[in-house]
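Open the model in your viewer and keep the selection panel at hand. We will go stop by stop.

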Protein chains: 2
Amino acid sequence: MRTLLAFAAFTLAAPAIAQEADEPATPTSVVAAASAEEWLAIAPEDLLVMELAPDAAGNPRRVVIQLMPREFSWPWVANIRWLAREHWWDGTSVNRVQDNYVTQWGDVTEARRTPVDSPDAPYWSLTGHLTGPHSATLIERVLDLQLETDTYAAAAGFWSGWPIAGDNRGKQWPIHCYGYVGVGRGYAPDTGTGADLYTIIGQPQRHMDRNLAVVGRIIEGMEHMSSLPRGSGDLGFYTDEEAHLRTEIVSVRLASEVENAPRFEYLDTRSATFTRYVAVRANRNDDFYTMPAGGVDVCSVQVPVRRVGE
Amino acid sequence: MRTLLAFAAFTLAAPAIAQEADEPATPTSVVAAASAEEWLAIAPEDLLVMELAPDAAGNPRRVVIQLMPREFSWPWVANIRWLAREHWWDGTSVNRVQDNYVTQWGDVTEARRTPVDSPDAPYWSLTGHLTGPHSATLIERVLDLQLETDTYAAAAGFWSGWPIAGDNRGKQWPIHCYGYVGVGRGYAPDTGTGADLYTIIGQPQRHMDRNLAVVGRIIEGMEHMSSLPRGSGDLGFYTDEEAHLRTEIVSVRLASEVENAPRFEYLDTRSATFTRYVAVRANRNDDFYTMPAGGVDVCSVQVPVRRVGE
């Protein structure tokens with residue numbers, strides 16, 4: 001069993017804290033106690049609002065996607081912003097739902113002209129690209145908060161509100177977690193424009209990291225993507241006979257172009273509350289959980305995101 | 001970046017093998033090449049067949065669950081066999097679907113008498129309980145195949161076809177992966193009989209390991225559990241207004257009591273093919289993936305299961 005290095009001191013102190021408060025700390029109670037300054041606004045131009053056709057009962061289905069900061073996958077994110085401004089996705093559809101893998105959407109006819117090119121760019125960033133107080137070459141000094149172990153990388157943790165992995169040679173890359181959005185492509189690595197997108201609906205298959213571009217994550221309405229009927233064709237694509245199962249995408253817009261768009265904020269990954277939140281996630285010990293794990297997977301730590309004012 | 005210790009030699013040899021075959025190895029191609037003796041039959045008395053009410057289009061929905069071997073969670077599995085023989089679940093329902101967490105089923109009225117008691121048993125096994133050629137006290141010598149790293153335990157790997165974690169003091173326990181089935185309970189650890197069951201429908205939250213009893217896994221029909229509409233009540237339970245969303249469970253039977261029940265087999269986790277399968281999963285390097293991860297999460301290695309004769 002392993003412990004999170006960064007939290008050893010905290011973990012030992014936790015029972016005392018819990019005793020004072022008379023209730024054991026849970027991830028929910030820790031986040032609820034965050035101060036207002038620990039929440040950071042998400043810019044409307046970093047949000048995509050995707051309206052799906054209403055469900056069978058007539059209920060609206062809105063999905064909100066937060067785009068990656070420019071340090072990662074920026075050529076694809078730039079394409080995606082362009083396609084949203086062009087209203088390119090309007091009238092396209094969800095075409096593939098493969099259980100325990102991905103839901104994928106775009107132009108099923110493949111006939112629609114794509115007014116952007118496929119970037120020939122790497123799926124990782126070099127340390128020099130990260131902005132802010134980070135200037136070191138080792139990821140230990142780049143991440144806001146590093147977890148002790150990661151099966152897929154020398155290091156993994158959080159930076160600017162995102163789960164990031166890295167090696168010891170100055171490369172960092174974004175991680176595929178549940179609800180994260182990436183760029184579909186053909187066999188050659190430089191064949192994805194951003195017009196064809198997917199989101200993870202099961203156990204993340206992190207061998208996709210550094211092989212596909214992670215461009216964002218769904219922060220509201222994920223259930224509309226994960227609960228769709230699975231396709232029975234190869235790779236979970238809907239067959240011609242299942243064409244009626246394709247969900248229509250009515251529109252995709254940048255939130256900055258949507259009237260009364262909801263506003264969101266995320267918990268600062270440099271904050272004391274976020275550090276405590278991760279520690280409590282790694283050592284659940286409360287009214288229900290009595291055997292702390294002593295560690296937590298980077299994808300099992302969802303970065304808290306909420307609507308502004310809630 | 002880490003590599004799988006056990007596969008270092010194999011990994012180096014892989015390009016040559018691939019060159020000979022003229023096509024790069026993929027997990028699918030490796031499993032397809034397994035010999036007949038590497039597939040082991042699953043006994044019909046280790047399978048539960050759950051029939052859900054047909055979907056809105058009238059399609060049947062059958063879910064097949066493989067039960068854990070007796071070395072783990074056996075008091076709960078014994079209860080489950082008993083409840084199936086009693087036809088206890090007939091007419092119960094799926095009552096909770098929480099996105100990225102669990103789908104849960106049982107008697108929503110809580111009025112049905114449960115003819116079994118809640119076992120007061122541990123959520124792990126001691127080494128002495130494992131059968132077969134395993135007699136050492138360290139998990140390294142107990143598992144059929146051990147992965148190099150695990151965030152949640154000193155060791156993790158596979159034993160008798162199941163993902164198992166362990167510490168260095170002789171304890172092993174089953175792991176919560178996508179599609180795995182566990183026993184719902186109240187706050188006290190000894191309050192779950194096995195009448196209320198859940199399955200994981202998102203990123204596995206492995207802090208549930210050793211806090212809840214893992215009793216099996218869904219080997220067919222998982223899509224019927226994962227694509228259900230999410231509940232809007234607390235913890236994803238359907239509210240009273242959503243009562244119509246509850247999916248009826250028509251029957252649950254041991255396969256040994258079902259006429260023409262399908263038969264299944266799994267890939268022996270002691271086999272050379274399984275070892276190669278895990279190595280290829282950890283180092284995807286083929287027509288699509290060009291940047292091998294160098295590691296793989298225990299839950300990202302689905303133990304291959306297939307119908308007999310396929």
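Is A:Arg230 buried or exposed? Select A:Arg230 and look: with a relative accessibility of 12%, A:Arg230 counts as buried. Bear in mind throughout that this is a predicted model.

**Stop 1**

A:Asp99 is partly exposed, at 22% relative accessible area.

**Stop 2: A:Arg307 and A:Glu220**

Select A:Arg307, then A:Glu220. They form a salt bridge whose closest N and O atoms are 2.6 Å apart. Here too the pair links distant parts of the chain: A:Arg307 is in strand 16 (residues 305-307) and A:Glu220 in strand 13 (residues 214-220) of chain A, 87 residues apart. A:Arg307 is partly exposed at 30% relative accessibility, and A:Glu220 is partly exposed at 23%. Now select A:Asp150, A:Arg206 and A:Asp209. Salt bridges with shared partners join these three into one network.

**Stop 3: A:Arg62 and A:Glu51**

Move to A:Arg62, which is partly exposed with a relative accessible area of 29%. Its salt bridge to A:Glu51 has closest N and O atoms 2.7 Å apart. A:Arg62 belongs to strand 3 (residues 61-67) and A:Glu51 to strand 2 (residues 47-52) of chain A, so the pair ties together parts 11 residues apart in sequence. Over all chains, the salt bridge count comes to 22.

**Stop 4: chain A as a whole**

Color chain A by secondary structure. It has five helices and 16 strands. Buried residues account for 57% of its 310 residues. Of the contacts between residues at least 6 apart in sequence, 70% join residues at least 24 apart.

Next, select helix 5 (residues 272-282) of chain A. Eight of its 11 residues are buried, so this helix is largely enclosed by the rest of the structure. Among the buried ones are A:Phe274, A:Tyr277 and A:Arg281. Helix 5 of chain B is also mostly covered, with eight of 11 residues buried.

**Stop 5: the two chains together**

Show both chains. The same surface serves both copies: 100% of the contact residues of chain A recur in chain B.

Now select the interface. The area buried between the chains is about 4600 Å², and carbon and sulfur atoms give 49% of it. On the chain A side, pick A:Thr151, A:Gln203 and A:Phe288; they lose the most area to chain B, together 15% of what that side buries. Zero salt bridges are found across this interface. Polar contacts there join 26 residue pairs. The side of chain A that touches chain B has 22 nonpolar, 15 polar and 11 charged residues.

**Last stop: B:Tyr101**

Select B:Tyr101, in the loop between strand 4 (93-98) and strand 5 (102-106) of chain B. Its side chain makes a polar contact of 3.2 Å with that of A:Tyr289. Residues that B:Tyr101 touches within chain B include B:Arg96, B:Ile200 and B:Met208.

How values were computed: Residues numbered from 1 in each chain as written. Chains lettered and ligands numbered in written order. Predicted model: local features only at pLDDT ≥ 70, side-chain atom pairs only at ≥ 80, totals over all residues. Heavy atoms only, no water. Contact = heavy atoms within 4.5 Å. Buried area = accessible area lost by both parts, 1.4 Å probe. Salt bridge = Lys/Arg side-chain N within 4 Å of Asp/Glu carboxyl O. Polar contact = N/O pair within 3.5 Å; in protein donor to acceptor, adjacent residues only side chain to side chain. Nonpolar A, V, L, I, M, F, W, Y, C, P; charged D, E, K, R; others polar. Helix = DSSP H or I, 4+ residues; strand = E, 2+ residues; numbered from the N terminus. Buried < 20%, exposed > 50% of the residue type's maximum accessible area, 1.4 Å probe, protein only. Lists of a residue's contacts leave out its neighbours within four places in sequence.
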